[in-house]
Amino acid sequence: MNLDSSIVYLSLLIFLPAVSAVAIALFAPKDSDDPVKQATLAVTVVTFLLSVGMLLGWPGIEFSAGEAAMQHLCSVEWIPSFNIHYLLGIDGISMPLVVLTTFITMLAMGASWNIQKHVKAYCVLFLLLETGMIGVFLALDFFLFYVLWEVMLLPMYFLIGVWGGPRREYAAIKFFLYTLFGSVLMLVALLILYFSSDVRALDAKTLANVGIADDRVEAITSADTPQHTFNILALQQLGQTTEQFKGDLAGKTYEWWAFVLLFIGFIIKVPSVPLHTWLPDAHVEAPTPISMILAGILLKMGGYGIIRICYPICPEAGYDLAFVVCTLGVVSMVYGAFAALAQTDFKRLVAYSSVSHMGYVVLGFGVWSTLNVDYWKLGMNGAMYQMIAHGISSAGMFFMVGVLYDRVHHRDLNQFGGVFSRMPVYSGLAVGIFFAGLGLPGLCGFIGEFFVVLSAWNYSMVLAIISAAVVILTAAYILWTLQRVYLGASYNGPHEEALTPITSREFRIAAPLLALAVFFGVYPRAILDYMEPSVSRTADDLAPLAASFGIDGASPTEKVADMPRGDRKLAISNTPSPALRP
Amino acid sequence: MQSIVDHLVSDTIATSLPLYAPELWLCATIVVLLLAKLIRGLDRVDPAFIALVGSLIALSTTAPASGFASLSELQPAELFTGMLVYDGVTIFLRMVLLLFVVLLIVLTKLTRLADPVDGQDFYVLVLGATLGMCIMASANHLMTVFLGVEMASVPSYVLVGMIRNRRAAGEAALKYAVFGAGASGVMLYGISLIAGLLGTAHLPTIGLELARLDLPGLMTASEQLGVLTALVLAGLMISVGLAFKLSAVPFHFWCPDAFEGGTAEVAGFLSVASKAAALALLIRVTMAVCSPVGEAAIDRVALVDQTVVVAVDSSAQPAQTVESRSPLSPVRTYVAMLIGIAAAATCTFGNLAAFGQTNIKRLLAYSTIAHAGYMMMPVAALAGLTGSDPMDASQAVASVLIYLAIYLFMNLAAFAIVAFLGSAMGSDNIDDYGGLIKSAPAIAVSLVIVLASLVGIPPLAGFLGKFAAFAVLAKAGTPLTLTLLLIAGVNTVLSLVYYWRVAKIVCLRPEPTTRGPLTLGVWPAAYTTLVTAPLVLILLFPAGLTNLAEAAAAGLLP
């Protein structure tokens, strides 16, 4: 086992939790709840250290900051009949998400100390879940990505279904059904892309860059039948430089269908209105640590899929549908915020705030206008930043709700009040974290939202104004919540005596979250230095393509006539600045 | 005359019998089992042991003489003057069937289904049906098609009714038998129509004769409408027989009753082995009418030419086969539509009907029906692909083989669990499975894995089967296959609801108070783990299975 080898290190990062889970399942004796919890926590800590270790180049491979390209590409043949490889790699887009995953998982395991029921099974499922989550961010083979994406389903179902609240069975199966539906659509898109791809169109240098082994390169270039691929990087190149996905299928291109299918699959996870309805149920019924993981990590996978797969592989469709994407994002923001305002259940409120906040992510990815690539870059970076920031603040918010729920066993917002005087430290931390969620300047939530709204202004003023106005709604529901829960003269709910100060275990979970929220709020470069080159490169690669879409000798006005109405106004406003077109 | 007889004898002894070894071993085992009661000393031997040894020997003789490495280069050979064909698919299917039988015999030993006294009858019937299924899998002539179907069906009727003094079993067996007899009758009528119209019942020759008919010309000229109608009818009638064996809609009615009435072990046998053989037969018939093999591909056709009435009259024009591609396009469209529509209906109906079931065996019966639908879809694609791309067509066959191999473990594990639980608590009601995760954790975890695999959730093996089948549909890319792909996708989501209801009851519900304490030994758990383990491992190391299936399918096409 040589940790300097990329494949060993990345595989260890992915599969250490799964292997530990199997070991725990097989060897842990009965009635050893505490040792099992400690072992699980130790595994999550080691996994976290492994992921952070990459930033420092210790103990194995090093992730170099400021580099846009994919690093540590490594591949092993897996299913030769379908050209499926075990292909891993990491870049500025996945690296922060991997660290976020291991970090939140570690804290969530710490938050699992109250779990008393079937501890061993809980820990096993928890670790399997972690393997799936890390794997999704590192997999660069579409098939592998799909498999790991699905690996999370079963553990998540049981984690909600067994350890959840009163309506857990309903919530768990709803989550399962929605996600499976999205996955099936993704599978269809994956097959469409696979069978229309032919890597022979790429030159040998590109093939080497996308992680295809040298001996395979020769076989590919000399082959006389189409060489299909699941390699996400190769598919990106094919989507951007060739016409392979432009075949006609029921009046639209393959690319268009693939984009729509993938996008639906991903926004179920994000989730975006109107496919968000699983989220409030799942988040509310799940136990606290699982809510943290759901909001902190699982939602980010949808966003990751959009930036890694949807746009780079299907750029033309992405460009054509940009307005739909942006509108969905804005509708989610507004809907989520209003829905949050109407809640009386504390956890449900936080859940809807997730819908609202993830709307920024969708909007940020969608603001692709030909006017100026810098704005799109800004939007994309903002969206990515928002994912990390929301990962921290929403996990924190769910944890804070969980702390209260553990004590008083209810979540009715109208039956709180005066918590500040009884649990001062906890309330201080909670207010900080909720402010981070609100997007207060100086805290992590601000940066991403600000970038996104700024870029949206250039895309569509209407959308930008609406999305900026959502900040007011956000402030309204968060401040109102803080007022109802923490402020006020006295607590007016049941179990008043249980409102004891925060324990040191809880403090050790909440404090790092708040610290990071502050740190990322004042020093965003801590993330951007790693992330920005890769994100910007994605935008730089895609933006010039927009000029070629659908023009084919037609005049710009003719092209405008073919566009959806939303884009039309935009395109017209763009035409006076031809100098910016490459 | 003498030379023909000599030829026949030498062909039978030199070529056919060695390649027919697994079936011969099955026959020998059956004879030993039947005689065992009569011979002193042998009657003390457990019949399960005899059956196990016999089927293990048969399994070991399924390996091709030249080894698995060269399986893809194996030339198809006709056995017994063209009655059967020996090729990669035959080898693969025999392995699947015999492996299943071996595992099934172990299972029946563990569940004590067949006691030493009437064990002979049971194992003779099982092995006899397996023999019929092997014939189905290698059939190359409409006579052997019919023979195989009957040989597989008749023992199955008896197996379903084996439990004495149980009304449900008798009723199920009777229903199954009446249904089966009707279906075979219709099928036989279809066979006679084909044989009468085309003057042959030899499957590859049927394709060539169809090609010679110049169907597109007849259709455009509106000539000989009677012949066309009769051909369409014959196709429909033969497909009735096949649909009965596949339990495809609308000939599936026997399936839930037979499964519920019979024992879980027998239901597993019907669900896996019978289905595997029927699918192989469907592939054979589809290939025969859609992609007739030229004389070069099968070296023994010349011999057939001399000795049997059935003749391939292609000696004059070798170019015939090349030209024959387009004359068959109406046949391909017809077959693809027929199978495609049946597959879509079967899959959807099976899944929808499973929703309301309260008995686990009935639920699994409908699940079996749905899976038959999934597995028929690539065959529909195959019918279309034979005309355009032989490589893709062999992929389609390979995908069915992969699906079948995985399906074996999924359903065997499912029915084994049902059998163990059924004998331990005397109930097949899904509600009685509550709290199994506490009382029988190993079996409950296995059951959840099996159910997830049946849905097709990665990383479990069921996903690989579905993926292979879906890939073929996407690859074919015709409106029909893309519609099928969509239907299959929607069905996958639908199926989650009812499979997961079982998983939910097993894991999330408390133990029902009506159920007594559940005591299961070590062996049931060990057996369940053994047959469930492949579902977890296959996707980690899939190359062995996919390569084998592809090699097996490679020789099927020119």
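## Polar pairs and salt bridges

In this predicted model, five residue pairs are in polar contact across the interface of chain A and chain B, both residues at pLDDT 80 or more. A polar contact is a pair of N or O atoms within 3.5 Å; within protein, one must be able to donate a hydrogen and the other to accept it, and residues adjacent in sequence count only if both atoms are side-chain atoms.

Between chain A and chain B there are two salt bridges, each a side-chain nitrogen of Lys or Arg within 4 Å of a carboxyl oxygen of Asp or Glu. One of them joins the side chains of A:Glu169 and B:Lys504 (3.9 Å, N to O).

## Extent of the interface

Chain A brings 32 residues to the contact and chain B brings 36 residues, where contact means heavy atoms within 4.5 Å. The area buried between the two chains is about 3,000 Å², with 83% given by carbon and sulfur atoms; this is the accessible area (1.4 Å probe) lost on putting the two parts together, summed over both. A:Phe82, A:Glu169 and A:Leu191 supply 17% of the area that chain A buries against chain B, more than any other three residues.

## Chain A as a whole

The C-alpha trace of chain A spans about 75 × 55 × 40 Å along its principal axes. Of the 582 residues in chain A, 64% are buried, that is, under 20% relative accessible area (1.4 Å probe, protein chains only).

## Conventions

Residues are numbered from 1 along each chain as its sequence is written, and chains are lettered from A in the order in which they are written. Local features need pLDDT of at least 70, side-chain atom pairs count only at pLDDT 80 or more, and totals for chains, interfaces and linings use all residues, while side-chain values use heavy atoms, without hydrogens and water.

Definitions and conventions. Buried < 20%, exposed > 50% of the residue type's maximum accessible area, 1.4 Å probe, protein only.
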